[in-house]
There are 2 protein chains.
Amino acid sequence: MILTVTLNTALDLTYRVRSLRPHTSHRVSEVAERPGGKGVNVARVLAALGHEATVTGFAGGATGQVLREGLAGTPGLTDALVPVSGATRRTVAVVDGLSGDTTQFNEPGPHIAPAEWGAFLDRYEELLPGARAVALCGSLPPGVPVGAYANLVRAARAAGVPVLLDTSGEPLRRGVAARPDVIKPNADELAELTGSHEPSRATQDARRRGARAVVASLGARGLLALTPEGRWRAVPPAAEHGNPTGAGDAAVAGLLTGLLDGLSWPDRLARAVALSAATVRSPAAGDFDRAAYEKLLASVTVTAA
Amino acid sequence: MILTVTLNTALDLTYRVRSLRPHTSHRVSEVAERPGGKGVNVARVLAALGHEATVTGFAGGATGQVLREGLAGTPGLTDALVPVSGATRRTVAVVDGLSGDTTQFNEPGPHIAPAEWGAFLDRYEELLPGARAVALCGSLPPGVPVGAYANLVRAARAAGVPVLLDTSGEPLRRGVAARPDVIKPNADELAELTGSHEPSRATQDARRRGARAVVASLGARGLLALTPEGRWRAVPPAAEHGNPTGAGDAAVAGLLTGLLDGLSWPDRLARAVALSAATVRSPAAGDFDRAAYEKLLASVTVTAA
């Protein structure tokens, strides 16, 4: 199985309104609710691709209960979340029916007590030996030490399990220094980490900081990868119009399954870009359009960069 | 006890953000969560004023469970909500930290099945004989017949229980025809009911449609009341700055307790205006500032209009 870690899981709400007008009252015409947090989204794509995925991290309160019920209803996912006394956060995405644009509100998440963090570390150590790869995804809830990901990267490396880190800010900075196999920053996260807005230079700097491979997601411009085997750029055939929610998480799922399927780096990148583009194209946030994925896979361009 | 009916109860969330910027992502710095829906808010004020209040309506799902736990923690409130299979809706109020303005998102509410509506009618009939007054508050969830309030008004009148109706649109239009003792529309609701934007004329029209007394809430301009005993305008000493959430519900609580305490109409109106202004002044949405209330009570101006 592939292990995904989501320390700040979320119950993701999507609200459709006719038109967002600040400082007025809106009737929400449609409400969608589902388990979220980056690692949960990655696991959902892994399961859809036929891989067994185990989800760990924290869940608590009524929102955590709803999240766990949602995971239980998803074939291929195993729930290994650690219960906490605080309530799992919500995120609210307000979709403007006129423009299609999304306005996002993210709750900070519950405070994690030291004993709860300890219980998570025990669970993680139990799960690692059974994992073929691990993905560490998203922000840290309050109370979790800022060096959390560095610890988790080191534990994975010690267990001989390939580890991908997808986070930002100080947790990313500390995590990179622990030498993860892959990091997958977006352009902003990469610039924040390295101080450089020039992707080519920034990916080099990120590797020097400790990442074995750096896969930078550049939105509609695809992926730029700097790996021990070379440097590539993978670009979708055309810019996709749609909802970019979860596109980065789909790319992570593509990179992980490509690794486990023994694909070359260029083929892994093609898979990641195709999944990502097929996620943008899908009408449901975070889902991918399978027919589009298979068609896109053949038309992604991967070139040495 | 005083019975309050909230057919579309809500779990009210308040999010504080630094500054609301449409089509961007926001970190929510503070989250508050509490039981809501107009009748629930009225009951909370009644309980704070030392009256026993019984809350009925519908609750379901994880959100309904959280709502009921919140009610159980409020002294003076009795939970007589009817369980339903759908989940209680949420409302999200996003408070802009710079301007203090609020942007509101209201979920539509769960679909109520005919058998659930029937179970509510049974519960209402059981509760009426023990009620000294009843307040029917807020919107109807999907599935509840649009003439619901007309039925509930008639049942209260048949049981000899004074009934106040606070709703809008077609449910108000139908409910008024059933001859409630009091309606408390705001300026927009009154204009929608009567077709007149001139409050004096519109209150007369609303009485002709069946309301025994019409108390129109005109925001910072106070209340305009047309009753069998006369016509009054009740005005706070100064416009209050703050959060108007729940100000109308506080006014309803003032009118009900004034009735039960045997106050004259001018004294009831003074109480309603003082409670309403003290709610706007309170930093917590929907709570009233008790010291401000007692001071305001002496300085509300009530004049024959």
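1. Does Arg179(A) count as buried, exposed or partly exposed? In this predicted model, Arg179(A) has 16 C-beta neighbours inside 10 Å and therefore counts as partly exposed. A residue needs 20 or more such neighbours to be called buried, and 12 or fewer to be called exposed. Arg179(A) sits in the loop between α5 (169-177) and β12 (182-183) of chain A. Its backbone deserves attention as well: Arg179(A) is not a glycine, yet it has a positive phi of about 65 degrees.

2. The overall form of chain A may be considered next. Chain A contains 10 helices and 16 strands. Its C-alpha trace spans about 50 × 45 × 40 Å along the principal axes.

3. Two helices of chain A, α6(A) (residues 187-194) and α7(A) (residues 199-208), illustrate how helices may pack. Their axes come within 9 Å and cross at roughly 60 degrees. The two helices are therefore oblique to each other, and α6(A) passes α7(A) in a left-handed crossing. On the side of α6(A), the contact is made by Ala187(A), Leu190(A), Ala191(A), Leu193(A) and Thr194(A). On the side of α7(A), Pro199(A), Ala202(A), Asp205(A) and Ala206(A) take part.

4. Where do chains A and B meet? The contact involves 24 residues of chain B and 24 residues of chain A. On the side of chain B that touches chain A, at least two residues each come from β2 (10-17), β3 (25-27), α2 (61-72), β8 (89-96) and β9 (102-106) of chain B. The strand β9(B) gives the most to this side, with five residues.

5. The two α2 helices form a pair across the two chains. Helix α2(A) (residues 61-72) and α2(B) pack at an angle of about 165 degrees, with their axes 9 Å apart. An angle over 145 degrees counts as roughly antiparallel, and α2(A) and α2(B) are therefore roughly antiparallel to each other. The crossing of α2(A) past α2(B) is right-handed. Ala62(A), Gln65(A) and Val66(A) of α2(A) make the contact with Ala62(B), Gln65(B) and Val66(B) of α2(B).

6. Helix α5(B) (residues 169-177) shows how burial is arranged around a helix. Its buried residues are Pro171(B), Leu172(B), Gly175(B) and Val176(B). Seen down the axis of α5(B), these residues fall within an arc of 130 degrees, so they line one face of the helix. The buried residues of α5(B) pack against α4 (148-158), β11 (163-166), β12 (182-183), α6 (187-194) and α7 (199-208) of chain B.

7. Which residues of α6(B) are buried? They are Glu189(B), Leu190(B), Leu193(B) and Thr194(B). These residues cover an arc of only 115 degrees around the axis, which puts them on the same side of α6(B). Among the elements that cover them are α5, α7 and β13 (213-217) of chain B. Just after α6(B), Gly195(B) takes a positive phi of about 80 degrees.

8. Two loop residues of chain B complete this note. Gly286(B) lies in the loop between α9 (265-281) and α10 (290-299) of chain B. With 21 C-beta neighbours inside 10 Å, Gly286(B) counts as buried. Leaving aside residues up to four places away in sequence, Gly286(B) touches Asn41(B), Thr245(B), Gly246(B) and Thr279(B). Its C-alpha atom is separated by 7.9 Å from that of Ala250(B), a residue 36 places apart along the chain. His23(B), in turn, is placed in the loop between β2 and β3 of chain B. With 13 C-beta neighbours inside 10 Å, His23(B) counts as partly exposed. His23(B) has a positive phi of about 70 degrees although it is not a glycine.

Key: Residues numbered from 1 in each chain as written. Chains lettered and ligands numbered in written order. Predicted model: local features only at pLDDT ≥ 70, side-chain atom pairs only at ≥ 80, totals over all residues. Helix = DSSP H or I, 4+ residues; strand = E, 2+ residues; numbered from the N terminus. Arc of directions from axis to C-beta. Contact = placed C-beta atoms within 7 Å. Axes fitted to C-alpha atoms, helices over the stretch in contact; angles between N-to-C directions. Parallel < 35°, antiparallel > 145°, perpendicular 65-115°, else oblique. Left-handed = near helix turned anticlockwise from the far one by under 90°.
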